[in-house]
Amino acid sequence: MRFSVRTLSTRRRHPLAGLVVLVLGLVAAAGLWSALAPKPAQAEQYTARDVEAGRELFLIGCASCHGQNAEGITTKDGGNYGPSLIGVGAAAVDFQVGTGRMPMAQSAPQAPRKAPEYDAEETRQLSAYIASLAPGPAIPAEEYLNYQDVDVEGLREGGEFFRTNCTACHNSVGAGGALPNGRYAPTLKGVSAKHIYEAMVTGPQQMPVFNDDLITPEDKRNVIAYIKRVQEQPNYGGIGGGGLGPVVDGVFVWVLGIGGLIGFAIWIGAHGARSKKKKA
Amino acid sequence: MSDEIQSHDSSSTPVRTEPVQDPGLQPHQWRPTDVDPAQERRAERQISGMFTVAALLFVLFAVSYFAIDSDQTFLNWSASNFALGATLGGGLLLIGVGIIQWAKKLMGDHEMVEMRHPARSSAEDREAVMADINAGLQESGVGRRPLIRNSLFLSVGALAVPSVVLLRDLGPLPHGQDETVWKKGMRVVNDVSGLPIRPEEIEVGQLINAEPAVFFPAEGEEEAEVHGHELLAAKSKAAIIVVRMRPEDITPSEGRENWGIDGILCYSKICTHVGCPISLWEQQTHHLLCPCHQSTFDLADNGKVIFGPAHRPLPQLPLGVDSEGYIIAMSDFPEIVAPSYPELARDQKRLDGES
Amino acid sequence: MSTDTYTPVEDTGFGKKAAGPVGWLDDRLGLAGVAKKNLRKVFPEHWSFMLGEIALWSFVVLLLTGVFLTFWFQPSMSEVVYDGSYAPFRGLEMSQAYASTLHISFDIRGGLLMRQIHHWAAALFVGAMLAHMLRIFFTGAYRKPREINWLIGVGLLALGMVEGFAGYSLPDDLLSGTGLRFVDGLIRSIPLVGSYLEFFIFGGEFPGEEIIPRLYMAHILLIPALLLGLIAAHMLLLVYHKHTQWPGAGRTNDNVVGYPMLPVYAAKAGGFFFVVFGFTALMGALVQINPVWAYGPYNPSEVTAGSQPDWYMGFSEGLVRIMPNWESTFLGHTWSWNVFIPGVGGLGLLFTVLALWPFVERWVTGDQREHHLLERPRNAPTRTGLGVAGMTFYGVGWAAGGNDIIATQFHLSINALTHIFRIGIFLFPVIAFIITRRICIGLQRADQNKILHGYETGVIERSPDGSYAERHAPLPVTEQYRLTAHDRLPALEAPAETDENGVALPHGRVAKVRHRVRSFYYKGAIDKPTLAEVEHADEHLAEIEGHPVHLGEDFQGVSETGIPKSH
């Protein structure tokens, strides 16, 4: 297609022209912003207003379990009604609220992942409030979440870290696994890179902490790259059992395999249609 | 045994004892393909159609083999695997179904009757064989020459000696399994990266999958001290986990009070049941679960077994800090790691004696 | 196409040409003598007689695909740096065994397909053997003269499981290494000699460098050779004894009714080979099995959640999981009952019971006759009940082997599941036995009612006094015969403990025990009607002219629910 000034000029009153200009303008602005804006250092910067807004949200939605000042509430017998949130950091809030685990719908062995109750802005404000109480793990910087940029070597190292530290609970393709007394390590399918990272640094619920001193942010990015790779790569061999391993294969063997072949055997052994007529 | 059920005597006169008499084989019924030429031709076309399609599928197999690249996908599966399997499987299945259909529809299907014979040989045969055996035995003189016979038995029996001795070099004799590569002063390093660890780097609730420093190249070295299959053998005893709990949560048993560093404890990663590496640590309950057979250990309580088939507590490794501030082992494991074996009690006694 | 236009093969052009070579062969091998007896050998037909065939053909598929895999597989534990197509592992150190398995999966065209067919066929091979064995058990086909063939079958099943486990261990991925680690723990748990066995089998401490080459030898040479020999013996005995058959009109203990080997049975069995091969190939094309690349190379300090053996080891695995943690120290030795009892004892018990059962049953029933007619499961209520109890025992162990997967998939507590299985492994088989035996006896009673009162026609009649009743009609005589063609119950007389002089008879105690077991074996079973009862019923039913509506010429008996079958 050839574009001339004339073509452009004749189309300037097209109903979609305004939209096109708007999109182009936004793209240009975004490009300029990303080129010129200062990179956030490590943590996101929160304003005092964010903190205040977060505190208000906290008092309405969280304080009933975690206490008016996020100091936690202890039950009569010394148990934890809602743990203290002082020093858990913005990353913990972003993970717990962003994956819908908090607020909990009901008391359970473990808070399940569900649709988030708070939108992105509210989650940010809550994070700002908790982060303002005491220093703690911050929301990871974008450069450690760009798992697409990881090269083959990083992928291999990520795999080694993953198999050493993660597969025992989360399974070799991140399908999840069982823990004592009805608890479980959740599946990693469909979990964003940011939330995986935050889980590692904060150790939500029963998960241990894997802080940045011992598993560096680059290592974490490689781990995320490996997880994403094994989950996004084709299921080369066909319908997979969701990474659940030989138990599912056994079900296929008996239901589909033995079941199907017995079906054939029944057909072979069936007497078949008979005619009333006699052969001439 | 008086109540033995005697075998049928077929020669006796038939007395009707059965409530319903055997009506005998029923008259043959013909199939539609036997009596209707149109049906017969249809079956013929159907069967030869299957064989023809099968042949075509095998040609398609060859086409897919050469035409499809290994990285192409179909429905997010390997396209090559799917195409090769579907054409091969489809073709084979059609051949099979075609042949069976041929047998079912067109081949003669008159049932035939064959009489059975008893499994045992006839009395005459048995007698004849006994006669032959006796003749043979008598001529051989086995009974009359016990010296020859017994010495033959002896020599053939002695053949077991070389057969067994030959297998001796299958492996070395077990030498006790009370030692691992850990020794006093060896640094605890992070698995995979091989980096040493300072206590202040570890947070409460942290889990580190760690190894002895000898598994990684020392500074300036190309290769680690332990490598190859020796590394795997050493790792299957020396792998550890380091965890940090709040000191007040820990109840060390007598003599273990100073085995940790401010809530940092180190345990063998190898399950005492059948040896799976365990690192499913719940940071709030301090329980460690084995994913293989669900043995559960309490790391706040000296690695005690609280559930599952494991019997022995998880062995603990005493920790210290070296002059540069890195975590080190203060000795080898004072208890035997990895699954139990018959001489475990003896080896443990030896270990206890050393310490 | 009809027989009258048939030309004998020796008169056709092909036949004339082939006559020379065939004659040459027969001059040297005497083939006609063997062929005469067997070419038209009769085999009875029933779908359940083909379960063993599934196993046989899976074995052939295993041989074919296995040969393909050996062209590239390298059974070595030497470490290499991976440099193949699977990007996430490039540069990773791994054993040659694992690297070559990845090579077969990603760089050999059709390699992944053959690996998957091989693995599916292996799982089907053991599965079909087990299904076949259950059929033999529940129909009493192992009775005299087939006890030896039953024992061969038990041996085949055991060898098949070992063969499968060896194959599972060869790729040296994280899953197979974890399996080997378990076997290492199992071998160590063997009292007194455990450490010696471990060091001899692994060539030193676990994992060593020897185990994969040794397992490879066992997997491709030793065990397949044993399997082939036993399969040959199994088939020869089958031919010698002739196949069992279901009782029915014209089918007696002294004959076999069915289709001749040539052409019908050869075509059906040969066709079934292609069906089994095609079916496993389609499974290999469509369903992923054991994606070794997902697990990574074996490393003794790594493990994945959901580590499981293949299904046929699930029973053992489950017993190991639910066993209490017993271990004791005496005589200066450690005795790991927690591993030894379930790991070695579980399968040991299973195979011992299987091997002994035909002889135990014969001792209990005192039946010395040859049996070529199959017994319907309902007509041996205690055997059927015990069989189902055994299946339940196996099933609980099996389920326990997947308790972590059950827990995560159904949101249950793994600890609660373990407790349930610990109790269930003893309780559920008993419940299953009681229920199954009741069902069998109920079915026997239903059969008896059909003989004595006819089948339910579904026609409701109203009597003059206003009551309603369902009209019954006599079963066709072939069906009546089929339902009654089984053994009458033996008389159960308590054995005399003393002779007429009051002196205790030798074996008096054994006879007493035997009598008690025997009474238990036949307890509650319904005998078939006597001749007098049937004659009485015939008189009574004679008034009714078949089905009151219209039976038609096509009437073929009635189904279990009493609905007349016709084609």
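Start with a stretch to treat carefully: residues 37–42 of chain A keep a pLDDT under 50, where pLDDT is the predictor's confidence in each residue, from 0 to 100. For this stretch the model has four contacts beyond four places in sequence, a contact being two residues whose C-beta atoms, placed from the backbone, lie within 7 Å. Where pLDDT is low, the predicted coordinates should not be read in detail. This is a predicted model, in which local features need pLDDT of at least 70 and side-chain atom pairs count only at pLDDT 80 or more, while totals for chains, interfaces and linings use all residues. Residues are numbered from 1 along each chain as its sequence is written, and chains are lettered from A and ligands numbered from 1 in the order in which they are written.

**Chain A and its contact with chain B**

- The average pLDDT of chain A is 85, and 85% of its residues score at least 70.
- Chain A brings 31 residues to the contact with chain B, and chain B brings 38 residues.
- On the chain A side, helix H7 (152–165) and helix H8 (167–170) each supply at least two residues; helices (H or I, at least four residues) and strands (E, at least two) are DSSP runs, numbered from the N terminus.
- H7(A) gives the largest share of that side, with four residues.
- The side of chain A that touches chain B has 13 nonpolar, eleven polar and seven charged residues. Here Ala, Val, Leu, Ile, Met, Phe, Trp, Tyr, Cys and Pro count as nonpolar, Asp, Glu, Lys and Arg as charged, and the others, Gly among them, as polar.

**Domains and a sheet in chain B**

- Chain B is assigned domain 1 (32–105) and domain 2 (188–354), with bounds from an automatic or database domain assignment.
- The C-alpha centres of these two domains of chain B are 58 Å apart.
- Chain B also has an open, antiparallel sheet of four strands in the order E8-E9-E10-E11; two strands pair if DSSP finds at least two bridges between them.
- Its edge strands, E8 (280–281) and E11 (304–307) of chain B, each pair on one side only.
- Strands E9 (residues 287–289) and E10 (residues 296–298) of chain B share three bridges in the antiparallel sense, and B:Leu289 has B:Thr296 in E10(B) as its bridge partner.

**Chain C and its UniProt record**

- An unreviewed UniProt entry lists "domain: Cytochrome b/b6 N-terminal region profile" at residues 21–247 of chain C; such annotations may be inferred rather than shown by experiment, feature names are shortened, and positions are given in the numbering used here.
- In the model, residues 21–247 of chain C are 68% helix and 4% strand.
- The unreviewed entry also places the feature "transmembrane region" at several stretches of chain C, including residues 47–73 and 150–170.
- Residues 47–73 of chain C are 74% helix, with end C-alpha atoms 38 Å apart, and residues 150–170 of chain C are 95% helix, with end C-alpha atoms 31 Å apart.

**Backbone details to look for**

- The peptide bond from A:Met102 to A:Pro103 is cis, with omega near -5°, and A:Pro103 sits in the loop between helices H5 (89–98) and H6 (120–133) of chain A.
- Another cis peptide bond joins C:Lys144 and C:Pro145, with omega about 5°.
- C:Asp172, a residue other than glycine, has a positive phi near 60°.
- C:Asp172 is buried, with 27 other C-beta atoms within 10 Å; a residue is buried if 20 or more other C-beta atoms lie within 10 Å of its own, exposed if 12 or fewer, and partly exposed in between, with C-beta atoms placed from the backbone.
- C:Leu192 has a positive phi near 65°, and C:Leu192 counts as exposed, with 12 C-beta neighbours inside 10 Å.
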